Amino acid sequence: MLELDDVDRVIVDRLIENSRVSLRSIARELRLSPATIHERVQKLIMRGIIKGFTVIVDYKSLGYDVTALIMISVDGKYITEIESWLASQPEIVAVYDITGEFDVAVIAKTRNMTELNSLVKRILKHPHVKRTVTSIAFNVVKEDFRLPVPQGGGISKRMKSRKS
């Protein structure tokens, strides 16, 4: 796990909450210069902690009415190859290497059952896929991959004194 100091933790938290927040706004909150915040964001990107900046989209409102969990059994020596291929499929939004009865789990979003059927058949055509089991979500209750940044003992004394 990569270590973050309190300033970096706050920066990442604010960007998770709203990727459009201005660096000037974060700088004001932390009582640091915008240039310092910019430099820290660049370092967080270089360290691979920040992978990109995005928006949270309501895919259902864009016509993606079907969310499916597809469990996949794969010929063991080809798992990495299959996972890479699955990750390249536009309908698949998440690929997980898992333990248990299946080797891979994917989450897919399609506009309708015909598209889902086509995707599952495409997966099954792959020569190293043994079988699939597909479950369809009746309702997406929560879908939010934003997690709080783990705390390393809270805000330091230095940060507290800057907020006073």
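Okay, a definition to start: two strands count as paired if DSSP finds at least two bridges between them. Keep that in mind, and keep in mind too that this is a predicted model.

With that, let's look at strand S1, residues 66-74, and its partner S4. They run antiparallel, and seven bridges join them. Down at the residue level, leucine 69 stands opposite serine 135 in S4, and isoleucine 70 has threonine 134 of S4 as its bridge partner.

Okay, zoom out. What is the strand order in the sheet? Reading across, you get S2-S3-S1-S4, an open sheet of four strands with antiparallel pairing. The edges are S2, residues 92-97, and S4, residues 129-136, each pairing on one side only. On average, neighbouring strands here are turned by 20° against each other, ignoring direction.

So much for the strands; on to the helices. Helix H4, residues 79-87, packs on the sheet and touches S1, S2, S4 and strand S3, which spans 104-110. Its direction makes about 165° with that of S2. Then there's helix H5, residues 113-125, lying across S1, S2, S3 and S4 and running at about 160° to S4.

And S1 itself, is it mostly covered or open? Mostly covered: seven of its nine residues are buried.

One side chain I'd like you to click on is histidine 128, in the loop between H5 and S4. Buried or exposed? With a relative accessible area of 18%, histidine 128 counts as buried, because the cut-off for that label is under 20%. Leaving out residues up to four places away in sequence, histidine 128 touches Ser73, Val74, Asp75, Tyr78, Glu81 and Ile82.

Last stop, the pocket. The largest one has a volume of about 1500 Å³. How many residues line it? The count is 47, and the ones nearest its centre are Thr54, Ile56, Asp144, Phe145 and Arg146. By class, that lining has 27 nonpolar, nine polar and 11 charged residues. Helix H1, residues 6-17, along with S1 and S2, each supply at least two residues of the lining. H1 gives the most, with five residues.

Key: Residues are numbered from 1 along each chain as its sequence is written. This is a predicted model: local features need pLDDT of at least 70, side-chain atom pairs count only at pLDDT 80 or more; totals for chains, interfaces and linings use all residues. Side-chain values use heavy atoms; hydrogens and water are left out. Axes are lines fitted to C-alpha atoms, for helices over the stretch in contact, and angles run from 0 to 180 degrees between N-to-C directions. Contact means heavy atoms within 4.5 Å. On a 1 Å grid over the protein atoms alone, a cavity is a set of points where a 1.4 Å probe fits but cannot get out, and a pocket is an open set with protein on both sides within 12 Å along at least five of seven lines; lining residues have an atom within 4 Å of a point. Grid points are joined across faces, edges and corners, and a volume is the space filled by probe spheres set on the points. Ala, Val, Leu, Ile, Met, Phe, Trp, Tyr, Cys and Pro count as nonpolar, Asp, Glu, Lys and Arg as charged, and the others, Gly among them, as polar. Buried means under 20% relative accessible area, exposed over 50%, partly exposed in between (1.4 Å probe, protein chains only).
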